[in-house]
Number of protein chains: 2
Amino acid sequence: MKLLKERIQKDGIVKPGNVLKVDSFLNHQMDITLINHIGEEFKRRFADAPITKILTIEASGIGIACIVAQYFNVPVVFAKKAQSINIDGDIYSTKIESFTHKRNYDVIISKKFLSAEDHVLIIDDFLANGCALLGLIELVKNAGAVIEGAGIVIEKGFQTGGKIIREMGIHLESLAIIDYMTDNTVTFR
Amino acid sequence: MKLLKERIQKDGIVKPGNVLKVDSFLNHQMDITLINHIGEEFKRRFADAPITKILTIEASGIGIACIVAQYFNVPVVFAKKAQSINIDGDIYSTKIESFTHKRNYDVIISKKFLSAEDHVLIIDDFLANGCALLGLIELVKNAGAVIEGAGIVIEKGFQTGGKIIREMGIHLESLAIIDYMTDNTVTFR
């Protein structure tokens, strides 16, 4: 997606440890116009999939998923990272490891909001080692729902997540795949 | 807002401890069509305010803020609940107490995304004792920005947050104000 790649080149900041900061437009401050273009692009790429629900994970996936959902006319469900007193006991849960925060999370969704009738599109901002996405895939499988695909805004192509997910046979669409980063430049696949 | 109140009556569930669960349409599963109506309503109520930015707090505020932002054509900034390695040191921070989770959070925003030129509308899903909203107000004041108002989806009118915020002279608009809840019924102001 040309507009997104240009924006990453312009406003993305590469930090030590292969960290790409896109917090000026994607995951701290959010450019809603750009994210609408992202929604249009995901709709184009998953146009024929009979999607009934969009699944994401808190926190930075939620806003993107809500904008994207407008192009599919379906509800969003977001997985939560810890048990809240407002969630019933009747949940699907899994554990995921966060690359960013260097710790493990319990990730849960209420069984009420994902069922065997659902056809799910998973949306997230980043794909790196794939832990978050694999956790979400497990939640969908636990519910007996169909995974129609996964839409990722930025994939770190030099990490293994994308390869693992594609080898599972999942329809994965990443709008910008980064092959490598140096101090000053981001090179796309 | 009639549509919202009807939805709370239909799908909200009152739990012990004055907890109102609206997780089937607002803060776990999200009805994007309803939230677009919420966006339209906030635009109507803040039509004359020269808003440049919408501020919210992770996690459940983010999706609502992103949909609402489309009606104001401005970016969203969401405050984060803990220091991430992806956030620079140059931040505004405050502490807030969570009613839901019964603990304190450090809440931060990067100084890059809020300045003295900004006119801010704060958006959140719930207002109860007001701790989250007071924390966000403090962040805006630290930045020297103008608070144009706060838009809340559901206010628990039997708790003190709304009174405190209104007495500060802040333009607070709550789309549904609950005066009291019993096991089976929600009574609006």
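In which sense do β10(B) and strand β11 (residues 186-188) of chain B pair, and over how many bridges? In this predicted model, the pairing of β10(B) with β11(B) is antiparallel and consists of three bridges. One point to locate in the pairing is B:Ile178, whose bridge partner in β11(B) is B:Phe188. Four residues lie between β10(B) and β11(B), and the two strands form a hairpin.

Strand β10 of chain B, which covers residues 172-181, also pairs with strand β9 of chain B, residues 146-156. Here the sense is parallel, and six bridges join the strands. Within this pairing, B:Ala176 of β10(B) stands opposite B:Ile154.

Turn next to a helix in chain A. Helix α2 of chain A runs over residues 32-45, 14 residues in total. From its first C-alpha to its last it reaches 20 Å, close to the 20 Å expected at 1.5 Å a residue. The buried residues in α2(A) are A:Ile32, A:Ile35, A:Ile38, A:Gly39, A:Glu41 and A:Phe42. Viewed down the axis of α2(A), these buried residues fall within an arc of 165°, so they line one face of the helix.

The relation between the chains comes next. Chain A is superposed on chain B by a rotation of 180° with 0.0 Å of shift along the axis, and the RMSD is 0.0 Å. This is the relation of a two-fold axis. The residue of chain A that comes closest to the rotation axis is A:Gly63, with its C-alpha at 2.2 Å.

The contact itself takes 29 residues from chain A and 29 residues from chain B. On the side of chain A that touches chain B, β2 (19-21), β3 (29-30), α3 (60-69) and β5 (76-79) each supply at least two residues. Of these, α3(A) gives the most, with five residues. By type, this side of chain A divides into 14 nonpolar, ten polar and five charged residues. Because 100% of the interface residues of chain A are also interface residues in chain B, the copies meet through the same surface.

Strand pairing also crosses between the chains. β3(A) is joined by two bridges to strand β5 of chain B, residues 76-79, and the strands run antiparallel. In this pairing, A:Gln29 has B:Val77 of β5(B) as its bridge partner.

Technical notes
Residues numbered from 1 in each chain as written. Chains lettered and ligands numbered in written order. Predicted model: local features only at pLDDT ≥ 70, side-chain atom pairs only at ≥ 80, totals over all residues. Least-squares fit on C-alpha atoms with pLDDT ≥ 70 in both. Contact = placed C-beta atoms within 7 Å. Expected span 1.5 Å × (residues − 1). Buried ≥ 20, exposed ≤ 12 C-beta atoms within 10 Å, placed from the backbone. Arc of directions from axis to C-beta. Nonpolar A, V, L, I, M, F, W, Y, C, P; charged D, E, K, R; others polar. Pairing = 2+ DSSP bridges.
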